[in-house]
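The following exercises are to be worked with the sequence and the model at hand. Each task is followed by a solution in steps.

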Amino acid sequence: MSVSENTPSKPTARTGSPAAENTRKGAHAAGSAARNNAGAIARSKVIKSDPWMDSYAARADNMRASEIRALFSVASRPDVVSLAGGMPYLEYMPFDELSDLIAKMMRDKGDVAWQYGSAQGDPHLREDVLQIMALEGIKDVQPDDVVISNGSQNALDLITRIMCDPGDVVIAEAPNYVGALGVFQSFQVEVVNAATDENGLIPESFEETIIAANKAGKKVKFLYTVPNFHNPAGVTMSVERRPRILEIARRHHVLVVEDNPYGLLGFDGQTYPALRSMDAENVVYLSSFSKIIAPGMRIAWMVAPTGIRKKLILANEASILCPPNMSQMTITTYLDNFDWKQQISQYRGMYKERCDTMDAALREFLPYCSWNKPKGGFYIWLQIPEGLNSKEMLPRAITAKVAYVAGTGFYLDGRGTHHMRLSFCYPTPENIRIGIERLASVMNNELRTARLFGTSPDERTKQGIKRR
Ligand SMILES: Cc1ncc(COP(=O)(O)O)c(C=O)c1O
């Protein structure tokens, strides 16, 4: 199944999205001329409600609430089965033993834990992450090559900050990780999608996309890829494609940003060689403790070629001064005292069971949908029948007490209405089955109504026909 097309996203505000341009110009010109037409009256109302409307930087135009965050409050109601969030299930964390060790760490080293630290991150933690990366073939890294960040989200912000000017191009898979889209938008970067299939990014499409962008006079700054158990597509880049992607990137002098939070969550314990393990000069590698251990400490790490690493440290310093010592020392306390490999293996078994349950429930209740069963990670990317609209259906699903993320959240250009992301990481197997059954009853209803009216639900919306 092809999960994307080679389609550029909407232009960024600075490069000319008409809507964004209008909003900004209108805001800046707020005055008598602006009140002469209906559009301007609407704008002046916006200005009244936000007295700072004409003060924002152009980059704020592109910021929008993540569809996932927006769902959090409803989806976390106890009666709703949430298949929406990408939260790891933490019940198996050894919190009792850990809290004793953290208390001891505080008694012994509280003055360090509560103090400022280094912008590059705690040397002890930078040493510890080497063992984790070695599991995916990265064996040539020294602690000095590592930079700690406040989660990978912050790492994405830093790399975009140092590499991209407004209007620069980042090539990405489609659908895209929504958090990365938010970062790229906030830096007014143009995201151009290269095609992917069930084996991840297609090398030929990647190269065509670079050539087309160069021809259009645009600067391609980097490829952003989530090669393992992709969020949201669930697919993994084949091992055969990896060196080809790297060769193309090198030949066109395009940096590769490899975002790998899920690589150790292969259900059968399988791992794939990291792109960074094949190319030390052209890859910035990001990984995180969020999915393999827990996200609450907000600790992740980056490995980058020397010049880029130095800039990342400066950017970290400018942005947050230093990653929090308390969090880093909590993570090293955990890594040094527990069998973390065994813990990850336990997580893998649990996520495998949940994925199997979701797959079986989809076969039973929604056989007319299609999906690729992932081999690891947290997500199933579900394709729903032509005519159903995942975004429009969501309020009805929430009323039926099941939540998902509509596919539109993972694109910038309105695509995704025929897809949804279903997360199997957090709900129990029993709840996953209940959730899919509820989802099926919502979809069956939508399809029945469509048949009754002779038009599809999204067709009716276009025609302004109300639901009964
Ligand atoms: C692909 C990807 N990258 C980065 C992140 C952010 O991770 P962190 O919690 O380390 O900021 C996520 C979280 O869902 C993710 O799925």
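**Exercise 1. Describe how helix 8 is placed against the strands.**

Solution. Helix 8 comprises residues 203-215 and lies across strand 3 (169-173), strand 4 and strand 7. Its direction makes an angle of about 145° with strand 4. Axes here are lines fitted to C-alpha atoms, for helices over the stretch in contact, and angles run from 0 to 180 degrees between N-to-C directions. Two residues are in contact if their C-beta atoms, placed from the backbone, lie within 7 Å. Helices (H or I, at least four residues) and strands (E, at least two) are DSSP runs, numbered from the N terminus.

Two conventions apply throughout. Residues are numbered from 1 along each chain as its sequence is written. The model is predicted: local features need pLDDT of at least 70, side-chain atom pairs count only at pLDDT 80 or more, and totals for chains, interfaces and linings use all residues.

**Exercise 2. State the strand order of the seven-stranded open sheet and identify its edges.**

Solution. The order is 2-10-9-8-7-3-4, with mixed pairing. The edges are strand 2 (146-149) and strand 4 (190-194), each of which pairs on one side only. Neighbouring strands of this sheet are turned against each other by 25° on average, direction ignored. Two strands pair if DSSP finds at least two bridges between them.

**Exercise 3. Follow the pairing from strand 7 through to strand 10.**

Solution. 
- Step 1: strand 7 (residues 220-225) runs parallel to strand 8 (residues 255-259), joined by four bridges. Thr225 has Glu258 of strand 8 as its bridge partner.
- Step 2: strand 8 pairs with strand 9 over four bridges, again in the parallel sense. Asp259 is bridged to Leu286 in strand 9.
- Step 3: strand 9 and strand 10 (residues 300-303) are antiparallel and share four bridges. Here Ser288 stands opposite Ala300 of strand 10.

**Exercise 4. Determine how far strand 9 is covered, and on which sides.**

Solution. A residue is buried if 20 or more other C-beta atoms lie within 10 Å of its own, exposed if 12 or fewer, and partly exposed in between, with C-beta atoms placed from the backbone. Six of the six residues of strand 9 (residues 283-288) are buried. Val283, Tyr285 and Ser287 point one way, while Val284, Leu286 and Ser288 point the other way. For the whole chain of 468 residues, 43% count as buried.

**Exercise 5. Is Gln142 buried or exposed?**

Solution. Gln142 sits in the loop between helix 5 (123-134) and strand 2. Gln142 is exposed because 10 other C-beta atoms lie within 10 Å. Glu127 is 15 residues away from Gln142 in sequence, and the two are 7.5 Å apart in space, C-alpha to C-alpha.

**Exercise 6. Characterise the shell of residues around the ligand.**

Solution. The shell has 14 residues, of which Gly151, Ser152, Gln153, Ser288 and Ser290 come nearest. A residue is near a molecule if its C-beta atom, placed from the backbone, lies within 6 Å of it. Helix 6 (residues 151-163) gives the largest share, three residues. Ala, Val, Leu, Ile, Met, Phe, Trp, Tyr, Cys and Pro count as nonpolar, Asp, Glu, Lys and Arg as charged, and the others, Gly among them, as polar.
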